[in-house]
Amino acid sequence: MRLSERARDLPESGIRKFFELAEARDDVISLGVGEPDFSAPWAARNAAIDSLERGKTSYTSNRGMAALRERIAAQHERYDQPYDPAEEVLVTTGASEAVDLAFRALVDPGDTVAVHEPTYISYGPGIELAGGERLTVPTRAEDDFALTRSALEASGAADADLLVLCYPNNPTGATMTDEQYAAVAAFCRENDIRVIADEIYAALTYGTDHASIVTRPGMRERTVVVNGFSKAYAMTGLRLGYALGPTEAIDAMNRIHQYTMLSAPTTPQYAAIEALDRCDDEVTEMVDEYNRRRRLVVSRFNEMGLDTFEPGGAFYAFPDCGGDDEVFAEELLEAQGVAVVPGSVFGAGGEGHLRVSYATSMRELKEATDRIATFVNGRN
């Protein structure tokens, strides 16, 4: 069977390698999974069950149920992001589909897409599948991995057609302030650069409200915002996301969506309506628990000499392991049965770091950090 060149050249996920190594053992504590350890709120699950019992198993509108789009638009008013639910909201099969649709709708073959690194591993392959060319913009630990105008200028991003933003960031947990976004927004306006803002972790911020580039002057009309229900509502397996943006962008994304997915799954849409209507308290409880875990993990890493900046969002810490991150991760797994992801998987800017998810119980986090401390002491 002859394969397409794009399929042949598509790399395997670097994260998957470490999952497979961990799965070969039964004594491993995994801090590698980017998935909440909570279940979806009961009210959302009951709504999904009720919809099935009532036989609500047909297609919905291509754009998603009108009632859900209305609630999504109301939710984003909290972030000062006003959108028309009829024309500017598209419900998708996970946030991943929304990102893919945005690439295919906005990128022509040969277009340059700037991506700050370290960042989520799917952007590069998505850009390549859309026919674009990726331009890497490094972020630095000294800047707490925030994107800066100077980094954009130094990397040649002024010639880019599109910029991908992921804040709160996977894998670093970094966030951006309104002031930092203002500088990036000015750069985008001056160079006529469009933006895809992946804000799937928007609800998971600590000590401050979520900030978005779309609220900066002149950015709403050039930005597609991506979000979903996987992280904040612990609905990863239900595969429901969405995109918000200018009518022409959402229309184009919906045309592609019609021919690929037709519509997002029906059952999760009922769950999502209920989640947005009645589950704010559960989200607050989850965020509070993540915050407790975050403080524990960051303090433990700094105590053992693995310099770790304080992540402002998501559920990842990004400690500096002081050397080859792949070797560190492999030896840690072998010696202590703790699985983490090497930072270099997320781009060259992640070299020498580890992505550590604290989306697991306090008991396991305490045990895992004890084991990591033993490993670090044994290496010194």
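## Cavity, pockets, cores and salt bridges

The largest cavity holds about 80 Å³ of space. The model is a predicted one: local features need pLDDT of at least 70, side-chain atom pairs count only at pLDDT 80 or more, and totals for chains, interfaces and linings use all residues. Residues are numbered from 1 along each chain as its sequence is written, and side-chain values use heavy atoms, with hydrogens and water left out.

A search of the whole structure finds 1 cavity of 30 Å³ or more. Its lining has 13 residues, and the closest to the cavity centre are Gln 75, Asn 227, Gly 228, Tyr 233 and Tyr 242. Two or more lining residues come from each of α4 and β7 (223-228). By class, the lining of the largest cavity has 9 nonpolar, 4 polar and no charged residues. Here Ala, Val, Leu, Ile, Met, Phe, Trp, Tyr, Cys and Pro count as nonpolar, Asp, Glu, Lys and Arg as charged, and the others, Gly among them, as polar.

On a 1 Å grid over the protein atoms alone, a cavity is a set of points where a 1.4 Å probe fits but cannot get out; a pocket is an open set with protein on both sides within 12 Å along at least five of seven lines, and lining residues have an atom within 4 Å of a point. Points are joined across faces, edges and corners, and a volume is the space filled by probe spheres set on them. Helices (H or I, at least four residues) and strands (E, at least two) are DSSP runs, numbered from the N terminus.

The largest pocket has a volume of about 590 Å³. Among its 26 lining residues, Gly 34, Ser 96, Tyr 120, Asn 170 and Lys 231 are the closest to the centre. Both α2 (14-23) and α5 (94-106) supply at least two residues of this lining, which divides into 12 nonpolar, 8 polar and 6 charged residues.

The second largest pocket contains about 460 Å³ of space. It is lined by 25 residues, and Ile 121, Ser 122, Tyr 123, Gly 124 and Pro 125 are the closest to its centre. At least two lining residues come from each of α5, β3 (112-117) and α6 (123-129); α6 gives the most, with 6 residues. The classes in the lining of the second largest pocket are 12 nonpolar, 8 polar and 5 charged.

**Nonpolar cores**

In soluble globular proteins, nonpolar side chains tend to be buried together. A nonpolar core is a set of buried Ala, Val, Leu, Ile, Met, Phe, Trp, Tyr and Cys residues joined through side-chain atoms within 4.5 Å. Buried means under 20% relative accessible area, exposed over 50%, and partly exposed in between (1.4 Å probe, protein chains only).

The largest nonpolar core has 85 residues, of which Leu 31, Leu 68, Ile 72, Phe 103, Phe 229, Tyr 233 and Ile 372 touch the most other members. Beyond its neighbours within four places in sequence, Ile 372 is in contact (heavy atoms within 4.5 Å) with Leu 31, Phe 301, Met 304, Leu 306, Leu 332 and Val 338. Another core lies apart from the largest one and has 28 residues, including Leu 163, Ile 193, Ala 197 and Phe 309.

Ala 160 sits in the loop between α7 (149-155) and β5 (162-166) and is buried, at 5% relative accessible area. Apart from neighbours within four places in sequence, Ala 160 contacts Thr 112, Ala 114 and Ile 193.

**Salt bridges**

The structure holds 24 salt bridges, each a side-chain nitrogen of Lys or Arg within 4 Å of a carboxyl oxygen of Asp or Glu.

| Pair | Closest N to O |
|---|---|
| Asp 37 and Arg 293 | 2.9 Å |

Asp 37 forms a salt bridge with Arg 293. This pair links distant parts of the chain, 256 residues apart: Asp 37 is in the loop between β1 (29-30) and α3 (42-53), and Arg 293 is in helix α11 (residues 280-303). Asp 37 is partly exposed at 35% relative accessibility, whereas Arg 293 is buried at 3%. Asp 37 and Arg 293 also belong to a network of salt bridges with Glu 289 and Arg 292.

Arg 71 is in helix α4 (residues 66-76) and Asp 277 in helix α10 (residues 266-278), so the pair ties together parts 206 residues apart in sequence. Arg 71 is partly exposed at 27%, and Asp 277 is partly exposed at 38%.
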